[in-house]
Amino acid sequence: MATILLIEDDGSIRSAITRALTDLGHVVATSNTGMSGLESAVDNPPDVVLLDLGLPDIEGLQVLAMLRAVSEVPVIVITARDDDADMVKALDGGADDYVIKPFGIEQLEARLRAILRRSGSTVAEGPLVVGGHRD
Ligand code: CA
């Protein structure tokens, strides 16, 4: 289980991703503007941020820069296919990975798993690990 902050202004994409990730047992917080997303990331630091580059109030790249000024949280950028230059800027600006719209949810999930594996912030298999055997 991981806590994921999804910053995305497109309502249908937002609800599809939220539903899919919630079904996997993740806790998903959503923001539909860059500013509210930044506030959310500071108030309730997530394990991963999913950041759309095309936001109504603040440019996604700007959101990334502001986020990076205060947080090392892994960021997966969500970008449109014709945003190639922006995608490069996003990676150079501190994004950890990206998905290109339109994308299948399986691809997003796989990238998420990879990020979580690297950051080591999840994948505990319940309390079994702690006590050990008693025989
Ligand atoms: Ca958008």
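**View 1. The open sheet of five strands.** In this predicted model, five strands form an open sheet with parallel pairing. Their order is S2-S1-S3-S4-S5. Strand S2 (27-31) and strand S5 (97-101) are the edge strands, each pairing on one side only. On average, neighbouring strands of the sheet are turned by 20 degrees against each other, direction ignored.

**View 2. The pairing of S3 with S4.** Strand S4 covers residues 75-80. S3 and S4 pair in the parallel sense, over four bridges. Leu50 has Ile76 in S4 as its bridge partner.

**View 3. Helices H2 and H5 with the sheet.** Helix H2 (residues 34-43) lies across S1 and S2. H2 runs at about 165 degrees to S1. Helix H5 (residues 105-119) also packs on the sheet. H5 touches S1, S3, S4 and S5. The direction of H5 makes about 175 degrees with that of S5.

View 4. Three residues supply the donors: Asp9 (OD), Asp52 (OD) and Gly54 (O). They lie 2.1 to 2.3 Å from the calcium ion. The spacing of the donor residues in sequence is D-x42-D-x1-G. Asp9 and Asp52 are 43 residues apart and link distant parts of the chain. Asp9 sits in the loop between strand S1 (3-7) and helix H1 (11-23). Asp52 belongs to strand S3 (residues 48-52).

**View 5. Accessibility of Asp9 and Asp52.** Asp9 counts as partly exposed because its relative accessibility is 33%, between the limits of 20% and 50%. Asp52 has a relative accessible area of 3%, so Asp52 is buried.

Conventions:
Residues numbered from 1 in each chain as written. Predicted model: local features only at pLDDT ≥ 70, side-chain atom pairs only at ≥ 80, totals over all residues. Heavy atoms only, no water. Donors = N, O, S within 2.8 Å, 3.2 Å for Na, K, Ca; no water. Helix = DSSP H or I, 4+ residues; strand = E, 2+ residues; numbered from the N terminus. Buried < 20%, exposed > 50% of the residue type's maximum accessible area, 1.4 Å probe, protein only. Pairing = 2+ DSSP bridges. Axes fitted to C-alpha atoms, helices over the stretch in contact; angles between N-to-C directions. Contact = heavy atoms within 4.5 Å.
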